[in-house]
Every structure is written in structure tokens, then in C-alpha cells.
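Open the structure in your viewer and keep the selection tool at hand. The stops below each say what to select next.

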Amino acid sequence: MSKFKILWIDDQPDKVGLEIHKVKSLIIEKGLTPVIDLIQDVSNVDAVPVPQWLQKLRSRDYDLLLVDFNLRCNVFGSDVIKSVRVNNNIYVDIVFYSSDRDSLIEKVIESYNGSMVDFIDDIHIMVLDDADFNEKIEGVINKIIGSWYNAHSIRGIILGKASKFESLVSEIVKKNYVNQKGLLLERLMRKKDTVCSNVNSRWEALNKEDDPIVYAIDHPDFFNWSVRKMLFNTLIECGQIRIDDASFSKNLDELFEIRNKFAHNKLKVENGKVLLNVKGEDQEYDEEKINEIICKINGIEDVLYSLID
């Protein structure tokens, strides 16, 4: 089942227990699995080290960010917006809430120099005690789920997740390679002997490096995904990395095949279906098929993060 992932920030989480339960129930009703990370750390966005909530937001892909607008330490919703939108280019939907309607509206307007015109898209304001809170939050969740099946959104999800997984695989290899350095170096040099002449110069650089494995991982512009995947697979084969999910490798390979299709072919939407034109023929991706892709993505993501954590 696909997951719907929320990062929820509130310095008094005991006061929003009922709302968390409501949101979980709404997500389950949509046929999805709710995953809610609740954060109480409300350190200022400019704090050093980086606050826990911002670390999580940078490293995990959430579908929704729920934030108490009036946090402690003089942190307000506007600080969160600036950090995630301007400084970090994170465009997840954000819901700001408060139990005090007048104070919420006043502070939001103050945050934008008295003008609501500057309010950024995909920002939602809600009052916890409103009778229509459930209806409003359901509308936001429906909007997000609906975007998963939009042609451009699904392309962005697939390409974005594949890019993220490449980074995670690189991080995992660097974390685990030391005990198998000899074996990985042997595989890397064997691969070097098979490359085309037009990229020989890139591979020759390996001979000049103190640590060719790290060099290959840190230069994705020279060494493509197949190289990082080969190093990763070698660590699995030799038992340095253990993965219990028998379908993981197959799903990872299939995702990157799909990534290549969506990256290099034109798509359009007809009758609610995504049509990808591959070699002159339309390949159909209906809601069921897209949901299967999202489920694969969720499974891959869980495994990779478990290897890092």
C-alpha cells in the first residue's frame, strides 16, 4: 500500500493528539498508509547545528508539512516558509494551524508586510477548533494525492526519487566499503577495461587517485548509475550489506528502467491515463499502474533509509 508521509511540527504535541488521529483516519480512508513524524524541536531555522525538523525535511521526502504557526523561541510559520522555500528549495505543501483564529490571521499578515498577495502557493491556513477542520485537511490531502496522477507530477516524482536513490546508494557504499575495499577495487578496474574509448580518459583518472572507489562515487558526471549500482550490488553479494526484501533489487532495476522511459520520451494525458510515447507507440499508465510504481518507490525508500539509519 502506498504511504502518505507527513512531518508534523508542534512544541506541544499532547494538544494535537485528536487532530493527529483524525488525519491518520482520513489517510487510511483514501487507501493509503499514514506515516507521521512528530517533531517537538522548534529551534530557530538559523540555529547551529541545523534543527532536527529541518534535517528531516531535507533528507526525507514528505507529502505534507503540518506546522503550529505560533512556536516557541520566536519561531513563526513565516520562518518555516522562508527556510524550506527560499533557502532549501523544498516545495512540499504546508498547513499552518493555530487555536486562535484572530492571532493566526494577524501574524500571517504581519509576516507578509501586511499583504496577503505575497502568500506562496501550496500554503494552507487552518484553525484547529473549527468544525470544518476535517473537511479542509481532507481537501489538502485530496489535492496532493490527485497530483500524483498528473502527467507532469508523476514524471517529477519518478525522476526526483531516482535521483534521490542514486545519492542514497552512493552514501551507503561510502559508509560500508572499507572492509571490502580490495574486492570493490577489483570490480571497478574490471569495469574500466570494458568502457568505450571515448570515456577512457575519465577512467584513467582512477589510477591517479588514492581512493578510486570514493572518486567514482563522488563524480556521477563521469561515472554513471551502473557503476554505483555495481559497487552497491557487490557489497550485497559479499554480505557486507544485508537486505531481507527479496524484491528490492528487482524493484530498483525496474524503477530506473521506468525513470529512463519518463526522462527520454514524450507523455500526454487522455481520459485520466498517462500515455508515454516509446518508439512511436503509446504505453499506458493508468491510476493502478502509477500506484504500483509509487508502492515500489516506497519499498525501495524504506530499505535504503534502513541501511543509512
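Does K181 count as buried, partly exposed or exposed, and at what relative accessibility? K181 counts as partly exposed, at 35% relative accessibility. Bear in mind throughout that this is a predicted model.

D211 has a relative accessible area of 17% and is buried, because buried means under 20%.

Next, select K3 and D302. Here the side chains form a salt bridge at 2.3 Å, N to O. K3 is in strand 1 (residues 3–9) and D302 in helix 12 (residues 287–308), so this pair ties together parts 299 residues apart in sequence. K3 counts as buried at 18% relative accessibility, while D302 is partly exposed at 40%.

Move on to R242 and D244. Their side chains meet in a salt bridge of 3.0 Å, N to O. Both ends are exposed: D244 has a relative accessible area of 64%, and R242 has 68%. In total, the structure holds 16 salt bridges.

Finish with strand 4 (residues 93–98) and strand 5, which run parallel and are joined by five bridges. I94 stands opposite I123 in strand 5. Strand 5 (residues 123–127) is mostly covered, with four of its five residues buried.

Methods
Residues are numbered from 1 along each chain as its sequence is written. This is a predicted model: local features need pLDDT of at least 70, side-chain atom pairs count only at pLDDT 80 or more; totals for chains, interfaces and linings use all residues. Side-chain values use heavy atoms; hydrogens and water are left out. Buried means under 20% relative accessible area, exposed over 50%, partly exposed in between (1.4 Å probe, protein chains only). Helices (H or I, at least four residues) and strands (E, at least two) are DSSP runs, numbered from the N terminus. Two strands pair if DSSP finds at least two bridges between them. A salt bridge is a side-chain nitrogen of Lys or Arg within 4 Å of a carboxyl oxygen of Asp or Glu.
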